[in-house]
Amino acid sequence: MTGSNRRRFLTLSAATLAMPALPRIASAAEPWPKDKTIRAIVPFTAGSTIDILGRIVMDPLSRQLGQTIVIENRGGAGGSIGSAMVAKGDADGYTLLINAAAHSGAPAAYPNLSYDAAKDFACVACFGNVPNVLLMAPSKGIKDIKQFVAEAKKGNMTFGSAGVGSATHWAAERFTEVMTGRVDFIFIGISSGLPFVQDGKLVPLAVSSSKRSPSLKDVPTTVEAGYQNSDYIYWTGLLVPAKTPRPIVTRLHAEITKALALPDVQAKLAQQGVEPNPLSPAEMDAMNKREIDLNLKIAKEAGLKFN
């Protein structure tokens with residue numbers, strides 16, 4: 001090697017070593033899965049609804065793929081910490097994100113996210129929806145949604161949620177955006193609220209889904225009650241880094257669809273109040289983008305400020 005070639009070689013080598021490591025992108029021609037552990041990131045704590053639903057689906061998925069799937073809980077900042085890990089992770093099918101409607105609310109709740117909740121992810125499959133139910137204490141004396149709205153407009157009241165940017169927070173914001181007022185109420189997942197309803201401790205006034213829930217057949221939806229565009233989709237599902245090869249996305253979608261059809265999986269999801277919502281990857285991508293845009297619009301029009 002001549003002196004000049006040696007210098008060019010050393011310069012190129014130094015520049016290469018100085019470059020930051022980039023996420024690995026699998027080739028579509030590579031076999032998948034191979035003998036490598038799959039990491040499924042849950043951006044919330046162990047025992048949370050998202051964690052429980054994720055484990056219900058990942059168990060049969062692991063068996064079907066013949067591959068170990070390890071669930072890692074990386075909670076914090078409304079799910080954005082764990083989501084950022086996946087957005088910046090290898091796009092090779094071995095890094096998955098189990099998330100829910102909070103993913104679509106994060107851009108509005110956390111304007112300085114280090115990732116794009118739509119462009120940096122590819123949606124794979126929806127595990128299902130969990131309708132939120134509007135609850136009030138019997139002592140309030142409010143029996144239905146019309147009376148609820150009338151009372152809410154009389155003065156300043158508050159609502160409770162699981163936290164800023166949570167699905168219960170966005171369900172409440174979406175409804176109050178329609179009826180223009182803040183009230184003393186809570187929107188919570190049906191699976192969590194049903195025991196209080198059955199014990200007579202709380203009164204269900206409406207559900208936030210587009211159709212009535214089989215768990216509360218006599219309770220109308222907010223849309224049914226006359227408040228258009230007030231329904232809120234609390235979805236849970238699987239996403240991967242955006243550049244994950246489409247054959248892997250397609251395979252994952254097919255295997256999850258197969259897992260969701262298993263009687264024991266359906267029974268476990270039903271116990272958690274989950275209602276089926278079969279979506280193709282493209283349909284789920286569109287839903288995610290639509291929800292992101294709507295949450296941003298609500299936050300702007302309502303003048304919401306998050307800490």
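Me: How many aromatic pairs does the structure hold?
Reply: The structure holds 2 aromatic pairs. Rings of Phe, Tyr and Trp (its six-membered ring) pair if their centres lie within 6.5 Å. This is a predicted model, where local features need pLDDT of at least 70, side-chain atom pairs count only at pLDDT 80 or more, and totals for chains, interfaces and linings use all residues. Residues are numbered from 1 along each chain as its sequence is written, and side-chain values use heavy atoms, with hydrogens and water left out.

Me: What makes the pair of Tyr 115 and Phe 121 edge-to-face?
Reply: The ring centres of Tyr 115 and Phe 121 are 5.6 Å apart, and the planes stand at 85 degrees. Planes under 30 degrees apart count as stacked, over 60 as edge-to-face and the rest as tilted. The angle is 85 degrees, so the pair is edge-to-face.

Me: Are Tyr 115 and Phe 121 buried or exposed?
Reply: Both Tyr 115 and Phe 121 are buried. Buried means under 20% relative accessible area, exposed over 50%, and partly exposed in between (1.4 Å probe, protein chains only).

Me: Why does Ser 209 count as buried?
Reply: Its relative accessibility is 11%, so Ser 209 counts as buried. Ser 209 sits in the loop between β8 (203–207) and β9 (235–241). Helices (H or I, at least four residues) and strands (E, at least two) are DSSP runs, numbered from the N terminus.

Me: Which residues is Ser 209 in contact with, leaving aside neighbours within four places in sequence?
Reply: They are Pro 131, Thr 221, Asp 231 and Tyr 232. Contact means heavy atoms within 4.5 Å. A polar atom of the Ser 209 side chain also lies 2.7 Å from the backbone oxygen of Lys 211.

Me: Why is Ser 213 called buried?
Reply: Ser 213 has a relative accessible area of 1%, so it is buried. Ser 213 is in the loop between β8 and β9. Not counting residues up to four places away in sequence, Ser 213 touches Pro 131, Ile 190, Val 207 and Glu 275.

Me: What joins the side chains of Ser 213 and Glu 275?
Reply: A polar contact of 3.0 Å joins them. A polar contact is a pair of N or O atoms within 3.5 Å; within protein, one must be able to donate a hydrogen and the other to accept it, and residues adjacent in sequence count only if both atoms are side-chain atoms.

Me: How do you know that the buried residues of α5 line one face of the helix?
Reply: The buried residues of α5 (residues 145–152) are Ile 145, Phe 148, Val 149 and Ala 152. Seen down the axis of α5, they fall within an arc of 95 degrees, so they line one face. The arc is that of the directions from the helix axis to the C-beta atoms.

Me: Why is Asn 229 called exposed?
Reply: Its relative accessible area is 61%, so Asn 229 is exposed. Asn 229 is in the loop between β8 and β9. Its phi is near 65 degrees, a positive value in a residue other than glycine.
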